[in-house]
Amino acid sequence: HDILLRAFTELRPLYPECVLLVGGDGELRRALEEQAAALGIGDAVRWLGEVADTPAFFRTLDVAVLPSRWEGMPFVLLEYGAAGLPVVASDVGGVGELIADGDDGLLVPAEDPARLTAALAACLADPDAARARGAALREKVATQHSLERMAQAYVEVVADMKQVGNPTA
């Protein structure tokens, strides 16, 4: 989130009406609040804490951001996709397995606030293109990552294990 705050500092002059909503909570929150204040963007960042109604929260967003330094396959990207949100994410771990850069989201290198700023600005400058990428991600999540598709994949894995004689299958 420190990278996102630095990127937002550069984005804010381009889009002064832009507000950064931060959902969730944790031990770093106080330090991040202090960083936002020191960067002069404290008034434009809303610290929401735990979000009970994520669908309602998602409906308030123009762009969803995942500025991670590392990830496995972040479940939140599936949630963003199911909601049809435009996504900007760091290209780390399994993120690139879900997001095809430019097609159904925008990927940026980790720890690169300048590239994160540029990707966010691109979404805000062309909301139709951003929404089209969000719709493409929604379609991908619905067809490739649905509960039915994941259950079928597990059935196939177990069947493959039985074929090779795995006694735990």
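**Strands, sheets and helix packing**

Analyst: To begin with strand β2 of this predicted model: Val-45, Trp-47 and Gly-49 form its covered face, while Arg-46 and Leu-48 form the uncovered one.

User: Which residues form the covered face of β1, and which the uncovered one?

Analyst: In a regular strand, side chains alternate between the two faces of the sheet. Strand β1 spans residues 20-23. Its uncovered face holds Leu-21 and Gly-23, and its covered face holds Leu-20 and Val-22.

User: Which residue of β2 is the bridge partner of Leu-20, and how many bridges join β1 to β2?

Analyst: Strand β2 covers residues 45-49 and runs parallel to β1. The bridge partner of Leu-20 is Val-45, and the number of bridges joining β1 to β2 is 4.

User: What is the strand order in the open sheet of 3 strands, and which are the edge strands?

Analyst: The pairing in this open sheet is parallel, and the order is β3-β4-β5. From one strand to the next, the twist averages 15°. An edge strand pairs on one side only, which here applies to β3 (64-66) and β5 (106-108).

User: Which residue of β5 is the bridge partner of Ala-89?

Analyst: Strand β4 comprises residues 87-90 and pairs with β5 in the parallel sense, over 3 bridges. In β5, the partner of Ala-89 is Leu-107.

User: Are α1 and α6 oblique or parallel to each other?

Analyst: Helix α1 takes in residues 2-11 and helix α6 residues 113-125. Their axes lie 8 Å apart and the packing angle is about 55°. Angles under 35 degrees count as roughly parallel and 65 to 115 as roughly perpendicular. The two helices, α1 and α6, are therefore oblique.

User: What is the hand of the crossing of α1 and α6, and how many nonpolar residues does their contact have?

Analyst: The crossing of α1 and α6 is right-handed. On the α1 side the contact is made by Ile-3, Leu-4, Arg-6, Ala-7, Glu-10 and Leu-11, and on the α6 side by Pro-113, Leu-116, Thr-117, Leu-120, Ala-121 and Leu-124. By class, 2 of the residues in this contact are charged and 1 is polar, and the number of nonpolar residues is 9.

User: What is the orientation of α4 relative to α7?

Analyst: Helix α4 (residues 75-82) and helix α7 (residues 127-144) have axes that come within 7 Å and cross at roughly 115°. That angle makes α4, relative to α7, roughly perpendicular.

User: How many helices and strands does the protein chain have, and what percentage of its residues is buried?

Analyst: From the N terminus on, the elements run α-β-α-β-α-β-α-β-α-β-α-α-α, which comprises 8 helices and 5 strands. The C-alpha atoms fill a box of roughly 60 × 35 × 30 Å along the principal axes. Among contacts with a separation of 6 or more, 60% join residues 24 or more positions apart. Of the 169 residues in the chain, the buried share is 38%.

Key
Residues numbered from 1 in each chain as written. Predicted model: local features only at pLDDT ≥ 70, side-chain atom pairs only at ≥ 80, totals over all residues. Heavy atoms only, no water. Axes fitted to C-alpha atoms, helices over the stretch in contact; angles between N-to-C directions. Parallel < 35°, antiparallel > 145°, perpendicular 65-115°, else oblique. Left-handed = near helix turned anticlockwise from the far one by under 90°. Contact = heavy atoms within 4.5 Å. Nonpolar A, V, L, I, M, F, W, Y, C, P; charged D, E, K, R; others polar. Buried < 20%, exposed > 50% of the residue type's maximum accessible area, 1.4 Å probe, protein only. Pairing = 2+ DSSP bridges.
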